[in-house]
Amino acid sequence: MTESQSMTYETAAARVEEIIRRLDSGEASLDETLALVQEGKTLIELCAGELESVGAALEELRLDELVARLEDETP
Amino acid sequence: MTTPAPLAASETPADPGIPGSALAGPFPVGEYAAALRRQLRSFAHVQLVGELVNLRAARARVYFELRDGTGAISCAVWQRDWDQILARAGGAAGGGVPVNGMQVVIAGGCDFYPGSATSSPSFSFSVTDLRVAGEGDLLARIDRLRKALDAEGLLELQRRLPLPLLPRTIGVITGESGKARDDILAALHRRGWAGRLVWGFAPVQDRHAAPAIVRALGDLAAVGEVEVAIVARGGGSLADLLCFCDETLCRTVALLGVPVIASVGHHTDRTLLDDVAAVSCSTPTHAAEAAVGIDCRRARAEATAAAARLRDHGRRAIQPRASLPVAASRLRDHGRRAVLARARMLATLSRAPADHLARQRTRLHQQLREARAGSRRRLAGEHALTQRRALVLQRKVQSSLLDCLRRHPNELNQLALTLAAHDPQRTLERGYALVQSPSGEPISTAARARETADLRLRFADDTVPARVLP
């Protein structure tokens with residue numbers, strides 16, 4: 001598991017903000033800029049994936065049914 | 001209950017009533033309600049003791065309930081009487097201001113509001129006096145349990161759990177038919193959240209509630225994918241919310257690995273569940289907003305904007321390489337402009353001596369013109385000065401002559417006479433004649449006259465020739 005995959009949404013979003021602040025400052029060298037842009041793109045894809053997973057359609061489950069299903073699946 | 005006495009003595013009602021019924025009536029309900037009030041008010045006034053709960057003030061009266069383990073009764077106090085009770089309670093002899101949970105003794109009697117066509121009837125024990133008997137057992141017991149949980153560190157465990165900003169799965173324990181369910185769904189919809197919602201329906205009031213909620217919490221934790229759990233119910237009296245002060249429930253929540261958001265009752269009510277949960281909210285709506293910490297729609301827009309900014313930064317970082325030829329061309333232009341500027345400067349320097357001579361010549365001509373003009377001005381000045389001096393001298397001479405003429409007229413006359421005395425013409429006029437040569441030279445000797453021979457004799461009036469005779 002890579003570092004970005006283990007990140008939560010809030011960690012990734014905070015890191016993206018940090019990256020953009022660094023880039024906006026204009027103090028990053030060319031190599032650092034390219035590395036930060038690449039990292040930021042990866043993190044934004046992660047955030048977008050998280051948002052996508054809670055944005056398609058609400059799925060409502062009943063706990064008792066879920067527990068019963070889990071009990072049935074348990075050998 | 002027997003029929004109220006006033007109705008029993010009334011006349012037979014006009015409506016025949018239910019056929020076959022042995023009961024009296026039917027009586028108009030208003031008359032019956034009024035008779036009921038008279039009957040209830042006739043009961044003996046007494047003192048009651050119990051726990052004060054659900055205290056609330058209306059415009060004219062203060063309402064509460066008096067409860068113990070076997071029953072309860074609704075109570076009402078006129079505002080005037082309540083103010084007197086508070087005044088006494090706040091004094092030195094008072095046992096404290098009455099609040100919910102206190103054990104109190106009340107004095108009064110039964111009363112009944114008969115209602116009307118537009119208002120509902122209600123029974124109440126009309127309280128005329130109240131005395132605080134001590135802190136209620138219920139609140140005291142809850143407070144003891146809160147202190148015990150705090151001493152064990154159980155009030156802090158949930159607050160140390162990280163609360164996810166964007167959970168994929170949320171578990172909710174609430175009444176299946178309660179309004180809290182709709183409020184949570186509406187709040188999640190407003191957040192733009194549409195993940196997985198696991199409903200754990202359980203009773204949220206009465207003695208069955210706490211064990212059912214404990215069981216549901218355990219099941220939610222066992223499911224594994226639930227990242228945050230909400231326990232919610234609407235408002236109620238403190239007694240209604242007692243199940244959320246259950247010790248087993250509170251210990252279960254404290255030790256749960258999933259953060260629990262409590263939303264029980266209103267903001268004025270605080271149960272032990274509020275103390276042990278990770279987050280305590282006043283309403284189910286707030287609980288849902290706490291479970292999903294961001295507005296998902298706005299977060300999607302912000303992610304899109306952030307991606308665009310990153311693209312811009314990446315493009316700007318690469319742009320300098322693409323613009324190298326342009327930069328080289330600009331450098332060449334700069335060099336060309338620099339050479340032209342140097343050439344112009346050299347040309348200016350080469351023209352400098354000639355320009356200098358021309359400037360000097362012009363300056364000398366100017367100085368010459370100025371000198372000539374100055375000389376002319378000086379000559380003219382001296383000429384004028386000389387003229388003025390000559391005029392002055394002339395005037396002085398004239399003045400001197402006039403002065404001399406004025407001062408020496410006699411001397412002049414004397415001189416004139418002297419001159420006239422020496423004039424030869426005066427001698428000729430006296431009869432003398434002058435001998436002259438033909439050329440007019442005076443001949444003053446006889447020898448000379450003989451030598452000349454031809455003579456001229458000048459008289460006063462004329463000259464006549466003469467000859468010397470041998």
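**Contacts, salt bridges and patches in a predicted model**

Among contacts in chain A between residues at least 6 apart in sequence, 62% join residues at least 24 apart. The model is predicted.

Colleague: What pattern does chain A follow along the sequence?

Modeller: Chain A has three helices and one strand. Its 75 residues include 33% that are buried. Read in order, the elements give α-α-β-α.

Colleague: Is Ile213(B) buried or exposed?

Modeller: Ile213(B) sits in helix H6 of chain B, residues 209–223. It touches Ile173(B), Ala202(B), Pro203(B), Val231(B), Phe244(B) and Leu249(B), leaving aside residues up to four places away in sequence. Buried means under 20% relative accessible area. Ile213(B) has a relative accessible area of 0%, so it is buried.

Colleague: How many residues apart in sequence are the parts that Asp111(B) and Arg41(B) tie together?

Modeller: The two side chains form a salt bridge, 2.8 Å from N to O. Asp111(B) lies in strand E4 and Arg41(B) in helix H2, both of chain B, so the pair ties together parts whose separation in sequence is 70 residues.

Colleague: Where does Arg196(B) lie, and where does its partner Glu225(B) lie?

Modeller: Their side chains meet in a salt bridge of 2.6 Å, N to O. The pair ties together parts of chain B that are 29 residues apart in sequence. Arg196(B) is in strand E7, residues 196–201, and Glu225(B) is in the loop between H6 and strand E8.

Colleague: How many salt bridges does the structure hold over all chains?

Modeller: Side chains of opposite charge can pair when their charged atoms come close. One such pair is Glu225(B) with Arg196(B). Over all chains, the number of salt bridges is 22.

Colleague: Which residues make the nonpolar surface patch of about 230 Å²?

Modeller: One member, Leu30(A), lies in helix H2 of chain A, residues 30–53. Leu30(A) is partly exposed, at 35% relative accessible area. The patch is made by Leu30(A), Leu34(A) and Ile318(B).

Technical notes
Residues numbered from 1 in each chain as written. Chains lettered and ligands numbered in written order. Predicted model: local features only at pLDDT ≥ 70, side-chain atom pairs only at ≥ 80, totals over all residues. Heavy atoms only, no water. Helix = DSSP H or I, 4+ residues; strand = E, 2+ residues; numbered from the N terminus. Buried < 20%, exposed > 50% of the residue type's maximum accessible area, 1.4 Å probe, protein only. Contact = heavy atoms within 4.5 Å. Patch = residues over 30% accessible without salt bridge, like charges linked within 9 Å, V, L, I, M, F, W, Y side chains within 5 Å. Areas by Shrake-Rupley, 256 points an atom, 1.4 Å probe, with all protein chains shown as cover. Salt bridge = Lys/Arg side-chain N within 4 Å of Asp/Glu carboxyl O.
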